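Student: Could you show me how to read a few features in a protein model?
Tutor: Gladly, let's look together.

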Amino acid sequence: MKGKDYFNELAEQWDSLVTHDAEKIAAILDLVKIPAGGKVLDLGTGTGIMIPYLFNRTGPEGEITAVDEAEKMIAVAKRKFNYRNVRFLVGDVLEMALPATYFDCIMCYSMFPHFKEKQTAVIKLAAYLKKGGSFVVAHSQSREAINNLHKNAGGPVKEDSLPPLDTIRSYYRSAGLEVTEEIDNDRMFVVVGRKK
Ligand SMILES: C[S@@+](CC[C@H](N)C(=O)[O-])C[C@H]1O[C@@H](n2cnc3c(N)ncnc32)[C@H](O)[C@@H]1O
């Protein structure tokens, strides 16, 4: 089974399987400083958990592009959210051609471990950021908790791991991103890089 099939199977139950702490998400977004009217790429949006929080920061003048390769996840997200300025795209983000230097923020919330070629992914995605735009890897749990979760889930996600900070820093460097914020503790894992 591929990762996409795995998440498709979980789509209808996803919102009852995961819990998200609004306070932690607010703390993550405070670090990112998304401008009002900003353009955000919500990568691996799933059922759109981040959409209302991102909308809260961009405001109605902003634009959210929510991408997921699992079409059933996107179907749930579409049922939940009908904002004029949110567009949904189904597909592997690494196979899409998105506009260059377009986004103010690329948010990988609870999705970065699922990239197989992580450095290649960061380099490709950073090209979509405006100068000064933010690339964000964020989780509302510790790195250890995330890695154990995937190991215990088994199936196609069992090898999907969140690399240590040092490794993520080196990916960011190779993509022309300067690390501006990092948190690696028992409550959350966040690395924010700004495009130089
Ligand atoms: C663990 S889920 C998280 C979903 C959501 N961000 C949340 O926090 O509830 C990861 C999502 O990323 C998607 N995904 C993984 N790799 C992807 C890729 N290369 N392109 C698009 N979506 C991807 C999966 O289909 C899945 O829905």
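Student: Is Thr101 buried or exposed?
Tutor: This is a predicted model, so we work from its computed positions. Thr101 has 12 C-beta neighbours inside 10 Å, so Thr101 counts as exposed. You will find Thr101 in the loop between β3 and β4. Its phi is positive, about 40°, although Thr101 is not a glycine.

Student: And Ser110, is that buried or exposed?
Tutor: The cut-off for buried is 20 or more such atoms. Ser110 has 20 C-beta neighbours inside 10 Å, so Ser110 counts as buried. Ser110 is in the loop between β4 and α6, and has a positive phi of about 55° without being a glycine.

Student: Which residues are closest to the ligand?
Tutor: Ser110 is one of them, along with Phe7, Gly44, Gly46 and Ala70. The ligand is surrounded by 20 residues. Two elements, α1 and β2, each give two or more residues to this shell, and α1 gives the most, with three. By kind, the shell has ten nonpolar, six polar and four charged residues.

Student: What about a residue such as Ser174: where is Ser174 found?
Tutor: Ser174 is found in helix α8, residues 165-174. With 13 other C-beta atoms within 10 Å, Ser174 is partly exposed. Leaving out residues up to four places away in sequence, Ser174 touches Gln119 and Ile123. Ser174 and Val122 are 52 residues apart in sequence, and their C-alpha atoms are 8.6 Å apart in space.

Student: How do I read the buried side of a helix?
Tutor: Start with the general idea: an α-helix has 3.6 residues a turn, so residues three or four places apart point the same way. Now take helix α5, residues 71-80, where the buried residues are Met73, Ile74 and Ala77. Seen down the helix axis, the buried residues of α5 fall within an arc of 95°, so they line one face of the helix. Among the elements covering them are α1, α2, α4, β2 and β3.

Student: Which residues have the most contacts inside the largest nonpolar core?
Tutor: In soluble globular proteins, nonpolar side chains tend to be buried together. Here the largest nonpolar core has 52 residues, and Ile106, Met107, Cys108, Phe135 and Val136 have the most contacts inside it. Strand β4, residues 103-109, gives the most to this core, with six residues. Phe135 touches several residues beyond four places away in sequence, including Ile106, Val122, Leu125 and Tyr172.

How values were computed
Residues numbered from 1 in each chain as written. Predicted model: local features only at pLDDT ≥ 70, side-chain atom pairs only at ≥ 80, totals over all residues. Core = buried A, V, L, I, M, F, W, Y, C linked by C-beta atoms within 7 Å. Helix = DSSP H or I, 4+ residues; strand = E, 2+ residues; numbered from the N terminus. Contact = placed C-beta atoms within 7 Å. Near = placed C-beta within 6 Å. Nonpolar A, V, L, I, M, F, W, Y, C, P; charged D, E, K, R; others polar. Arc of directions from axis to C-beta.
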